[in-house]
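Look at the structure below together with its sequence.

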Amino acid sequence: IKNFLGKAKVDSFFTPWCCTDCGDETLKMHRGDEEIPEIYPCPECDAEMEFDDIRESYLAFREA
């Protein structure tokens with residue numbers, strides 16, 4: 001949505017993550033300017049969790 005934020009400032013937001021091994025899903029909270037890692041370790045099985053959305057689209061609001 002073009003100009004979705006208007007003049008608003010995002011202080012924090014959640015990102016969705018999914019484990020490729022056990023299927024565990026979680027949300028991670030981030031500061032508005034925080035670097036988002038490529039992977040997180042799964043809290044259930046310690047495998048790699050991947051971003052569970054289209055990363056570029058999901059985070060596009062940060063480039064507005």
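**A walk through the chain**

Arg55 is buried, with a relative accessible area of 17%; buried means under 20% relative accessible area, exposed over 50%, and partly exposed in between, with a 1.4 Å probe and protein chains only. Its partner is Glu38: the two side chains meet in a salt bridge, 3.8 Å from N to O. A salt bridge here is a side-chain nitrogen of Lys or Arg within 4 Å of a carboxyl oxygen of Asp or Glu. Glu38 lies in the loop between β2 (25–31) and β3, and Arg55 in helix α1, so the pair ties together parts that are 17 residues apart in sequence. Glu38 itself is exposed, at a relative accessible area of 58%.

This is a predicted model, in which local features need pLDDT of at least 70 and side-chain atom pairs count only at pLDDT 80 or more, while totals for chains, interfaces and linings use all residues. Residues are numbered from 1 along each chain as its sequence is written, and side-chain values use heavy atoms, with hydrogens and water left out.

The chain has 1 helix and 4 strands, in the order β-β-β-β-α along the sequence. Helices (H or I, at least four residues) and strands (E, at least two) are DSSP runs, numbered from the N terminus. Of the 64 residues, 25% are buried. The pLDDT, which is the predictor's confidence in each residue from 0 to 100, averages 88 over the chain, and 89% of the residues score at least 70. Confidence is lowest in helix α1 (residues 55–58), at a mean of 91, and highest in β4, at 96.

How many salt bridges are there by the rule above? The count comes to 3. Besides the pair already described, Arg31 takes part in a network of salt bridges with Asp33 and Glu34. Between Asp33 and Arg31, the closest N and O atoms are 3.9 Å apart; between Arg31 and Glu34, the distance is 4.0 Å from N to O. Arg31 counts as exposed, at 53% relative accessibility, and Asp33 is exposed too.

Now turn to the cysteines. A disulfide is a covalent bond between the sulfur atoms of two cysteines; the test used here is a pair of cysteine sulfur atoms within 2.5 Å. A search of the whole structure finds 0 disulfides. The closest cysteine sulfur to that of Cys19 is in Cys45, 3.5 Å away, which is too far for a bond. Cys22 is in no disulfide either, and the nearest cysteine sulfur, that of Cys42, is 3.7 Å away. Is Cys19 buried or exposed? Cys19 is buried, at 3% relative accessibility, whereas Cys22 is partly exposed, at 43%.

On the surface, Phe14, Leu27 and Met29 form a nonpolar patch with about 330 Å² of accessible area together. Such a patch joins nonpolar side chains (Val, Leu, Ile, Met, Phe, Trp, Tyr) within 5 Å, from residues with over 30% relative accessible area and no salt bridge; like charges are joined within 9 Å. Phe14 lies in strand β1 (residues 12–19) and is partly exposed, at 42%.

Finally, look at Asp46, in the loop between β3 (39–41) and β4 (48–51). Most residues other than glycine have a negative phi. Phi of Asp46 is near 70°, a positive value. Asp46 is exposed, with a relative accessible area of 60%.

Conventions. Accessible areas come from the Shrake-Rupley method with a 1.4 Å probe; for residues, only the protein chains shown count as cover.
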